[in-house]
Each structure stands twice: as C-alpha cells, then as structure tokens.
Amino acid sequence: CGVFGIWGHEKAAELTYYGLHSMQHRGQEGAGIVSSDGVELKPYKGLGLVNDVFKHADFDELSGKVAVGHVRYSTQGGKVIENVQPLLFRAQAGSMALAHNGNIMNAHKLRGELEEEGSIFQTSSDTEVLAHLIKRSGNEISEKTIANALNKVVGAYAYIILKEDKMFVALDPSGIRPLSIGKLGEAYVVASETCAFDQIGATFEREVLPGELITISDEGLSSTRFAMREQRKMCAMEYVYLSRPDSDVNLVNIHASRKRMGIELAKEAPTEADMVIGVPDSSISAAIGYAEQSGLPYEMGIIKNRYVGRTFIQPSQELRELGVKMKLSPVRGIVEGKRIVMIDDSIVRGTTSRRIVQMLKKAGAKEVHVRIASPSIQHPCYYGIDMSTRKELIAANYTLEGICEQIGADSIAYLSEAGLEKAIVKDKTLNQGICTACMTGKYPVKEDGQKEVVFTS
Ligand code: 5GP
Ligand code: SF4
Ligand code: MG
C-alpha cells in the first residue's frame, strides 16, 4: 500500500490525488482521501485505480488545508469497499481517519480481545484494530493515547492518523516500511515514496525514524518516540521490486540500487551470451547493471503492453497466467538465433519466468539463461507484502535444478544475500539495516513481539 498526507495547503485534497497517482504501483485495489477543514473530516473513496475512483470527485467538497490518502492492495482483509482506506471513525469527542501501510501480525489476537470486551468492527482489515486501541487508551486522540496503542501492536507499519486539528505520523520500531517527510512551501508532506514529493513539487526533508511518532499541526512539527531506537530493517523488496525507480528509499535511490544488484549478479554469475535483456519494467535497471559489468550489449528483447496492470495483483493463478501473456511480447527480430541472459528482479511463483522463457524460445532464442537480481524467496512475508503461503513459492518447493527445469531455462542463478546487501546498504550504521526475511528466514520481528538481536559494528 501507499500512504500520503499533507498539512497546510489550500489544495490539500488535489495534491493528495496527485501524490496517490504517483504511488499507484503500490496498490491498485482501491484508493481514498479524507480531508479536514479543521472542523470536520470528509471522506471520498472507492474500489479501483486512483483515476477511476476520483473521476467524478468534487474536490471543492473535499475542502480544507489538510488531507490524507491511501492506495490499497490487500494482504489481510478482503477486496471490499469497507476495507478501502483511509478508515474514518466518528465519535462525539472527535473523529479520526487512519491510513496504514504494512501488516499487524497480532491483529487477530487483539481483535479477539477487543471483541470480547465489546468492540464491534466495521471492516475485516487489520488497520481497524489500532483505532479501537487508541480509543481504549483514553477518550482523546493524542500523542499519549496513540503511543499507548502503538505499543500493543506488533508488525510493520507506516501510519498517518488524522483528527480535525492534528496529524500524527508513526513508523514501526524496526522501520520495515518506508515513510518520508517533505515540504511544499510552508506545507508539510508525508509519503511512502519520495516520487510523490517530486510529483507535486515538494522537497524531501527527512526519513521518519523507526519508533518515531510525529505530530503536525498549525504550530508546526514535533517529534517523540514511542519505542526504543533499534537497527532499521527496511524491506529489501522495496528495492528489488516494489518502489519506483525515481524514489529514494531510506536515502538510497531505487534505480541505482537495482543497477548495483545487476552488477553484483554479473560478478557472481557470469554467462557466455550474445545479449542481456530485462523483464519490463522492474528488471530493466538490474539488466543495465548486468550488461555494464559483463560487457555484453543490453537489448530490448521483450516489450510490455503498458495498458495491462501488474500481474501479481490479479486474484487467481488462471488470471495471472493470462495477464502475463497479455502483458509481455518478445521482439523476434532481436532474440532470434541468439544466446540470451534474461534478468528478472525476483521469482515468487515462477509464473513470469516460465512464460517469458517459453516466449523467448518460441521467438527463436537459442539459449535462455535466467539470472535473478535477488536471492530466492522461500519464506512468507508477515510485514505487508503479499508473498502468500510457502506452498506457492517455487523456491520453497524445488531445488535450483528443479526451478531451472520448471521454467525451462538453460541455466539459472540468483544474487546472493551478501550481493543484495552490498547493492542496497551504503554503510552499516544503525539506520541502514534491511529486512531479508522472505529470502533468508531471518525475521526481524516475531508475532509475540520478540526482536531479532542485532549487533552493529
Ligand atoms: P512470479 O511470476 O514468479 O510469481 O512473480 C515474479 C514477478 O512478479 C517478478 O517479475 C516481479 O517483478 C513481479 N512481482 C509482482 N508483484 C511482486 C511482489 O509483491 N513481490 C515480488 N517479489 N515480485 C513481484
Ligand atoms: Fe520485505 Fe521480504 Fe521483509 Fe517482507 S519479508 S518486509 S517482503 S524483505
Ligand atoms: Mg517483473
């Protein structure tokens, strides 16, 4: 998912729309905006793409100098309008809107406890739990009640919480999800990805820190901590696949890090071939890096139909397979008779790689050597990225040779964990760690709240 917030701009809701649009790749199931004029919170949301949801929106109705927005793709909770965020809660003591990126691991348990004590939930989303916990901590929505509530939830989260006259911004104690602060003139801006700042002409100010709780109001910005400072564990998949190439995540540019992944991959797994091609769009940066390092030409061997959405987000395997077919086509005149290194950023189920190898061979490619610019994914993600169950992960069920056979490649190799880390982490300070749990099984946060013990040099 993607979250966006803006404080102190005449065109708050419209700018939120543009910000969400630039983060459309983070979720395509639904989108919403809640604005505040200081007196009342006003929501507008729907299922589908940002453009479709707001096609008939009247931005004059979403008045006020403050707004929060969200683009959703579901990890917990179904694909229904109730679960589209920001969630809005109205109470006599004041209203609250909530936008969340991440996943609350103990949501089920907390919800059970809350229901036993009399709470009734409107949604099946894990996000709603936090709203109940805040209200349980005291009647007022304040730094104190929010900090109390945050200390009860375990998982990965970037939250924007809006009440009529204040905006709160919080990041989980391990900083697994990205969240940055920017400025547009006098206005404060908050976004999952910095590409949203560029989109609206805002400038990047700083990262939200792990365990930090920021309050923004007409008095300005203030910061406190609700949790102890820990080693940051930024999601490595943000770099590998999820974020936009023009975004800087935790101060590291996405395109540049992907290129370095390709460079490391070429060092670790060189290949005799005629050309390097990347699977559009997310693997092009890594393919450029691989070509540069290996001295092989980078070619456009596959093109993408830009009018088809991301395959991964389709609901069923059947539709996913169909989606891949509609989405990518080989460039026959380029690949015919050639030995090809095909770079993909990652393999989850293996659907994409299998189809592309088939497609390239059918178009006359002599050899297809698959090189993956990240380590193999063998473990589920509990922090908000939909990798589903182990059963579906090809690398959890086959050996390297087995995978090679399954996808019909002439050879296959993955980037090592060390190579990935080298490509992402600039210096191993407290703020520069990454989560690699889906690849290594080293989970930085456990459901019972236990943390991996980290020693830093
Ligand atoms: P597969 O077809 O192996 O299941 O999926 C891998 C492909 O899907 C990669 O090319 C990657 O770019 C894309 N993809 C889409 N969504 C995701 C995601 O959430 N995680 C990862 N790792 N890859 C994804
Ligand atoms: Fe990201 Fe993988 Fe960690 Fe999930 S388990 S947060 S996808 S690196
Ligand atoms: Mg891809």
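A residue counts as buried if 20 or more other C-beta atoms lie within 10 Å of its own, as exposed if 12 or fewer do, and as partly exposed in between, with C-beta atoms placed from the backbone. Keep that handy for this tour of a predicted model, where local features need pLDDT of at least 70, side-chain atom pairs count only at pLDDT 80 or more, and totals for chains, interfaces and linings use all residues. Residues are numbered from 1 along each chain as its sequence is written, while chains are lettered from A and ligands numbered from 1 in the order in which they are written.

**Stop 1**

Select D344, in strand β20 (residues 339–344); strands are DSSP runs of E of at least two residues, helices are runs of H or I of at least four, and both are numbered from the N terminus. D344 has 21 other C-beta atoms within 10 Å, so it is buried.

Zoom in on S282, in the loop between β17 (275–278) and α9 (284–294). S282 is buried too, because it has 22 C-beta neighbours inside 10 Å. Skipping neighbours within four places in sequence, S282 is in contact (C-beta atoms, placed from the backbone, within 7 Å) with Y241 and D345.

**Stop 2**

C435 sits in strand β23 (residues 434–435), and C438 in helix α16. Are these two buried or exposed? C435 is buried, with 27 other C-beta atoms within 10 Å, and C438 is buried with 28.

**Stop 3: ligand 2**

Show ligand 2 and what surrounds it: among the residues there are C235, C381, C435 and C438, along with I176 and Y383. A residue is near the ligand if its C-beta atom, placed from the backbone, lies within 6 Å of it. Helices α7 (236–242) and α16 (437–440) each supply at least two residues of this shell.

Methods. Contact = placed C-beta atoms within 7 Å.
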